[in-house]
Amino acid sequence: MSIGSVLTAAVSTSAGLPCFSIQWMRVNLMFYKQSFCVFRTGAVNAAAGSAYAEFGNTKVIVSVFGPRESKKAMMYSDVGRLNCNVSYTTFATPVRGQGSDHKEFSSMLHKALEGAIMLETFPKTTVDVFALVLESGGSDIPVVISCASLALADAGIMMYDLVAGVSVSCLGTNLVIDPILEEESCQDGNLMMTCMPSRYEVTQLTVTGEWSSAKMNEAMQLCLDACSKLATIMRSCLKEAASATQD
């Protein structure tokens, strides 16, 4: 079986802001699918930084506030504090009226980002990251993490590198990158990886289901390759946004 992924991007303008449309083609011997992706910074004017991401049917918006004085009493620390919250709108899932905070995803977002942020650059203050899933179409948390990383950079938060997130589902003998809801519902296993591609450093790895060693290695390499390509597009998005601001 051969598995491949191709990432291409086109730049357009939306509301005066650069908008990157990414075409992600997933190919193997028995599976072919295309999903279109969009990145855009400056999505929320009131925030210090923000970003919007659209991967297939999954739509996410992230707002970053701070660094600012923490609302919670805390002892002096040489490093800052990162606060993350992931929530869903009431219309995000097929079952309407079930929008709420997602504590597990909030914890995963914090874990994925914390190691990439230079917390020592804002001692005794807090950076708040609020992610809102507008529509859940599958692979929600890796999209949230990538979008949040872009929003942090847009806010000028010092980071070692951008964090890109990708997930892979095992469907029988096939590996499917960034699975949609229907694929997630019948998967045999799932692997989600977030990493700082320039440093070749994984910030989080979660695995569910049963995997053989060979299949696990194949999935991890696929994730690393996809994260690297994704981060390249994210950096281009930031550069274009900076250029547009200067103009």
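Mentor: Start with Lys-229 and Asp-225, whose side chains meet in a salt bridge with an N to O distance of 3.1 Å. Keep in mind that we're looking at a predicted model. Both residues sit in helix H4, four residues apart, which is about one turn of the helix. As for cover, Lys-229 is partly exposed, since its relative accessible area is 28%, and Asp-225 is partly exposed too, at 31%.

Helix H4 turns up again in another pair. Arg-235 and Asp-161 form a salt bridge through their side chains, at 3.5 Å from N to O. Arg-235 belongs to helix H4 (residues 213-246), while Asp-161 is in the loop between helix H2 (140-154) and strand S8 (164-171), so this bridge ties together parts that lie 74 residues apart in sequence. Arg-235, with 28% relative accessibility, counts as partly exposed.

The side chains of Lys-59 and Glu-135 make a salt bridge at 3.1 Å, N to O. Here distant parts of the chain are linked: Lys-59 is in strand S5 (residues 58-69) and Glu-135 in strand S7 (residues 125-135), 76 residues apart. Glu-135 is partly exposed, given its relative accessible area of 31%. As a general point, oppositely charged side chains can pair when their charged atoms come close. The total for this model comes to five salt bridges, and the ones we've walked through are among them.

For the strand you wanted to finish on, take S11 (residues 201-209), where you'll find Val-207. On its own, Val-207 counts as partly exposed, with 37% relative accessibility.

Thr-203 lies in strand S11 as well, but it counts as buried because its relative accessibility is 15%. Its side chain makes a polar contact with the side chain of Thr-194 at 2.6 Å. A polar atom of the Thr-203 side chain also lies 3.1 Å from the backbone oxygen of Ala-112. Leaving aside residues up to four places away in sequence, Thr-203 touches Lys-111, Ala-112, Val-163, Thr-194, Cys-195 and Met-196.

Note on methods:
Residues numbered from 1 in each chain as written. Predicted model: local features only at pLDDT ≥ 70, side-chain atom pairs only at ≥ 80, totals over all residues. Heavy atoms only, no water. Helix = DSSP H or I, 4+ residues; strand = E, 2+ residues; numbered from the N terminus. Buried < 20%, exposed > 50% of the residue type's maximum accessible area, 1.4 Å probe, protein only. Polar contact = N/O pair within 3.5 Å; in protein donor to acceptor, adjacent residues only side chain to side chain. Contact = heavy atoms within 4.5 Å. Salt bridge = Lys/Arg side-chain N within 4 Å of Asp/Glu carboxyl O.
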